[in-house]
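This report describes parts of one protein model. Please load the sequence and the structure before reading on.

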Amino acid sequence: MSKFNTATTRPAVSSPVRTERTPSGRTYEGAPGYVRDAKGELFLLAVSNMVGEDTFYEKAGDRDERFRHLVHQVAVEDGEWMSRFLPWLRGVANMRTAPIVAALEAVRARLSAGRHGLNRQLVDSVLQRADEPGEALAYWTSRYGRAVPKPVKRGLADAVRRLYSERNLLKYDGDTRGFRFGDVIDLVHPAPAADKAWQGELFAHALDRRHGRDKPIHEALTTLRARAELTALPVDLRRAALDDPGRLKAAGMTWEALAGWLQGPMDKQAWECLAEGTPIWLPDGTVAPVERVVAESLPVLAYDKEWDLREPKMGRPYPVRDQETGSLTPTMPVRWIDSGEQPVFAVQLASGRVIEATANHRWAARTREGSRRPTWRATADLTPGCAIPVPLTAGFFGSLGDEWDGWFVGAMLGDGNMTGRTPTWVGHDDGTLAQLKEYAAKHGRQISVEDNGTWVRVRLTDPQWHQNTLRDVLIEHQVWGLKGEEKRIANLPYSRAFICGLIAGLIDSDGSVEARQVEFASISETLVRQLSNALLRLGIQSNISSKKNGLSEKPLWRLRVADGRSIKRLRAVINLRAAHKAVALDALAAQNHVSRRGAMGHRGYADSIMWDRVVSIRPAGVKKTYCVEVRPSHLWVANGVVTGNCVIPSMGYMALLRNLRNVDEAGVSDEVAAQVAAKLADPGEVARSRQLPFRFYSAHRNASRRWTGTLEKALTLATGNVPSFGGRTLVLVDTSASMTSGGISARSTVTPVEAAALFGVTLAARGERVDLYGFADGVFRHRVGRRVSVLKEMDRFRGRVGEVGHGTQIADSVRRTYDGHDRVVILSDMQTMSGHYGGGVTGAVPEHVPMYGFNLQGYRHAAMPAGSGNRHEFGGFSDATFRLIPLLETGRNAGWPF
């Protein structure tokens, strides 16, 4: 009987990612874990590492430290391998931050170990975009200080010579960056390239630009001179320049730059947007969420004049600037836009206000402390310390109610109980009691008072309690029945007098007037925020904070008015009935005190606005987004701040891919759409863009059916390395909780399971006989026909995620689905549980059957021994490493893909 010469005999092959043969650890879910060698672990981690971001099982700090440790080890042990790996990681695998960090850490480790040579090349090889030398310096100095080793400087200088050009300076040398082009040149002292006679003048100009030296642009820098001429054009003459595309091209005018330069609408536009639920101030004094404004085509409050938002000229004298904002007026938008679901970011302001907007939404922001020159800034370009304008002229109100009614409602919202049969007010007898008696008498009623010497309890009774007219007032204004944390001001078109009376009632009953500020506190966040809005409509700025409440588990929300100008306005518009508070407010207004609380300066671009400081910008998930277009200013009021409608430049490949929905919303013609489609599906454009495959699926999810065929062609090109297997293939896609929680990166809406499923569906669509399953605690079969749309099949697969639980049972799932297949492909993070059967993952199928684990997260322990025989492991979100599988299938050893 033959022992070796059998039908299943295959040549022994090896693959580059190798593990120990006997498990020495555990996966995060407790199964036996196999440790890889340093190169294999570094490879799998690097191709999936979004530096500085948490994953399901690993915190960002721990993951980054493991990455640095592996880089240090491999860089010292095999610098030549590292010199091949890092350019591949940046170029073919299209990872950006990880290779920059790896190159710098590799050089540091090699210098510490006395390894010379290659260090300069390591740094230069990973810098492929003109903003990346600055990115590299920012990483090094933030971690190791300003002492930069010579090999790092020389590698950066090499990259600067390759990458710094006039167009790149215009595109990437923004004043929001910590390291400008001039800073990089100052630190690394690059010599101009021998074949670029103009580069010396470019370096000199970058230094002048950085240090505010207003020198003429050298005649050799023709693109910069052409851009300066365009920038000098008055705003009202710029649209005429669109008739000369040659002039725009000579000035390096991209669509990104064109949008800001025009400071007005382009012929075909799309706008970035605000998240659903954003409160929009309406001209009748009410508030509506932005989605209702769009659905019902409602008017908004907008400025009737374009603001002068030109980029400031570097150096002195500064160009003359128009400081007028025009008037804030009721405005009917010219377009209302529903932009679908998009990632949004929460912009937290010092006043306590929060605005959620997409990354490209624009603001008229000041970006330097003390500067009075706001310019257009996208949400993504805002940083803590930026200032956003707040309108002080939004005094548009309705006609409902008078001051007396407002005061009574305010007093009851402050210290009233409105949940029993009879309204009750509890407080101090400081003048408020007399006003309650007077108000009751006005309605032909009396009140009963209980005085214990410290506070008084007032019952607003009625002999016929079921006909209590004072309770009827509270019912009319929709506040009756509200408990403490539920208290709010009804969203009704109240008159200015009613709002002034309501503010006075709140302060009289439950506010305080102190030596330096007026304060109101409540456990109702809604009430406090509504009071802030009411004050702002009267031109009074306030700020909101919260603190732990010793009397309740609910936080106490506090509103403070502390600025001298706002105090004076408050004194002028409200009439406090509590005598001692009225006297204290008079004294406070007389101080003319200017508060620095919240760093909100009152010095303004004009007297009609104040500035609110950005405290933080953080991801807020994926939400429905909306916007409106107003003219002529393109500036309107949302949640009490000035916001803009933002033209999205969409001529770059990546911008086109991200904004196809907005292209549709802009109403582009079929001819233009055909040009866009041709560009997206062009093999050369796809190759140059180096987009990861999941980007096309993300675009498909956000675009109309108009683009499905185009994106399908582009995806086919982007997954060209995914093989077409002959015979029978079993493909399993991990749908467990660790694969579905969170996006691939902080800004991505695509989850790891969707990236895995994209490869799985592609394998199924291309293979001869492929059985595709999703698995977690159980399995489900997903049938895919030949010549189907991968994108449409992805939508169907995505809808089934969650059918079989949330655990990770790889071995059990393989055993349940294996039926004599010729190979098994597992797409997972490989952090499996032990399962119910012995033998682990590697023993789930016969030894002669090849099993390929495609690892999407790069955790330390593998679920099976890999690198030899018929067990192999690959990784990353690119299709690049799939090219190794055909080598193994033909019985040849597969080396590194670089």
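## Model and conventions

The model is predicted; local features need pLDDT of at least 70, side-chain atom pairs count only at pLDDT 80 or more, and totals for chains, interfaces and linings use all residues. Residues are numbered from 1 along each chain as its sequence is written, and side-chain values use heavy atoms, with hydrogens and water left out.

Helices (H or I, at least four residues) and strands (E, at least two) are DSSP runs, numbered from the N terminus. Two strands count as paired if DSSP finds at least two bridges between them. Axes are lines fitted to C-alpha atoms, for helices over the stretch in contact, and angles run from 0 to 180 degrees between N-to-C directions.

Six strands form an open sheet with mixed pairing, in the order 28-27-26-29-30-32. Strand 28 and strand 32 (871–875) are the edge strands, each pairing on one side only. From one strand to the next the twist averages 20°. In general, strands of a sheet pair through backbone hydrogen bonds, either parallel or antiparallel.

Strand 26 (residues 728–734) pairs with strand 27 in the parallel sense over seven bridges, and within this pairing leucine 730 has aspartate 771 of strand 27 as its bridge partner. Strand 27 is joined to strand 28 (residues 779–782) by four bridges, and these two strands run antiparallel. They form a hairpin with three residues between them. Two of the partners in strand 28 are valine 779 for phenylalanine 775 and arginine 781 for tyrosine 773. How enclosed is strand 27 (residues 769–775)? Six of its seven residues are buried (under 20% relative accessible area, with exposed over 50% and partly exposed in between; 1.4 Å probe, protein chains only), so strand 27 is largely enclosed by the rest of the structure.

Helix 31 (residues 790–798) lies across strand 26, strand 27 and strand 28, and runs at about 155° to strand 28.

Helix 32 is mostly covered, with six of its eight residues buried: Ile810, Ala811, Asp812, Ser813, Val814 and Thr817. The elements covering these buried residues include strand 26, strand 27, strand 28, strand 29 (823–828) and strand 30 (851–855). Serine 813 belongs to helix 32 (residues 810–817) and counts as buried at 0% relative accessibility. Leaving out residues up to four places away in sequence, serine 813 touches Leu732, Phe775, Ala776, Gly778 and Val779, where contact means heavy atoms within 4.5 Å.

## Two helix pairs

Helix 7 (residues 150–163) packs against helix 9 (residues 181–188) at an angle of about 135°, with the axes 9 Å apart. That makes helix 7 oblique to helix 9; angles under 35 degrees count as roughly parallel, over 145 as roughly antiparallel, 65 to 115 as roughly perpendicular and the rest as oblique. The crossing of helix 7 and helix 9 is left-handed, meaning that the near helix is turned anticlockwise from the far one by less than a right angle; clockwise would be right-handed. Helix 7 contributes Lys153, Leu156, Ala157 and Val160 to the contact, and helix 9 contributes Val184, Leu187 and Val188. These residues divide into six nonpolar, no polar and one charged. Ala, Val, Leu, Ile, Met, Phe, Trp, Tyr, Cys and Pro count as nonpolar, Asp, Glu, Lys and Arg as charged, and the others, Gly among them, as polar.

Helix 27 (residues 693–702) and helix 28 (residues 708–718) pack at about 170°, their axes 9 Å apart. Helix 27 is therefore roughly antiparallel to helix 28. Pro693, Phe696, Ala699 and His700 of helix 27 meet Thr708, Leu711, Ala714, Leu715 and Ala718 of helix 28. By class, this contact has seven nonpolar, two polar and no charged residues.

Another open sheet has three strands in the order 1-2-31, with antiparallel pairing. Its edge strands, each pairing on one side only, are strand 1 (25–26) and strand 31 (861–862). Strand 2 (residues 32–35) and strand 31 are joined by two bridges and run antiparallel. Tyrosine 34 stands opposite alanine 862 of strand 31.

## Glutamate 629

Glutamate 629 lies in strand 22 (residues 609–629). With a relative accessible area of 1%, glutamate 629 is buried. The C-alpha atoms of glutamate 629 and arginine 335 are separated by 5.1 Å, although the two residues are 294 residues apart along the chain.
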